[in-house]
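The tour starts with the whole chain and then zooms in.

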Amino acid sequence: MTTFKFFKVALIVVLVSISLIPPHVNAEVTCEQITLWVTPCIGYSVLGGVVPKACCEGLKKVIAAKKTKKDRQLGCNCVKDLAAKIPGLNYDRVNEIPGICGTTIPYKITPDLDCSK
């Protein structure tokens, strides 16, 4: 699959995911916001290369928005579910992004991550 076709498929997956995610009442951050913030990270997560500045900025917005336990659980589930929908996603690359961006997250993104903790 060419790079252009891949990004076209990935963008469609993201847009469909956004449309299917129900809004979360009483949460300060929504899954839709998180999805938009981390979308610039998809290219690196699948193909490698250089992490875009927009990816780091988005990740930092996600981290800053997770103020309550509910927000953190929502963010965790959102990223976990989004990652599962992206064909060819490399979880090792996904988990390198916080360090590359000069920040940390308190868990590793994996297909079986328990976001209730």
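Start with the whole protein chain: among contacts (heavy atoms within 4.5 Å) between residues at least 6 apart in sequence, 71% join residues at least 24 apart. This is a predicted model: local features need pLDDT of at least 70, side-chain atom pairs count only at pLDDT 80 or more, and totals for chains, interfaces and linings use all residues. Residues are numbered from 1 along each chain as its sequence is written, and side-chain values use heavy atoms, with hydrogens and water left out.

Color by secondary structure. The chain has six helices and zero strands; helices are DSSP runs of H or I, at least four residues, and strands are runs of E, at least two, numbered from the N terminus. Of the 117 residues, 42% count as buried (under 20% relative accessible area; exposed is over 50%, partly exposed in between; 1.4 Å probe, protein chains only).

Next, select residues 31–38, helix α2. Buried here are Cys31, Glu32, Ile34, Thr35 and Val38. Seen down the axis of α2, they fall within an arc of 160°, so they line one face of the helix. The arc is that of the directions from the helix axis to the C-beta atoms.

Ile34, Trp37 and Val38 of α2 meet Ala54, Gly58, Leu59, Lys61, Val62 and Ala65 of α4.

Is lysine 61 buried, partly exposed or exposed? At 45% relative accessibility, lysine 61 counts as partly exposed.

Conventions
Axes are lines fitted to C-alpha atoms, for helices over the stretch in contact, and angles run from 0 to 180 degrees between N-to-C directions.
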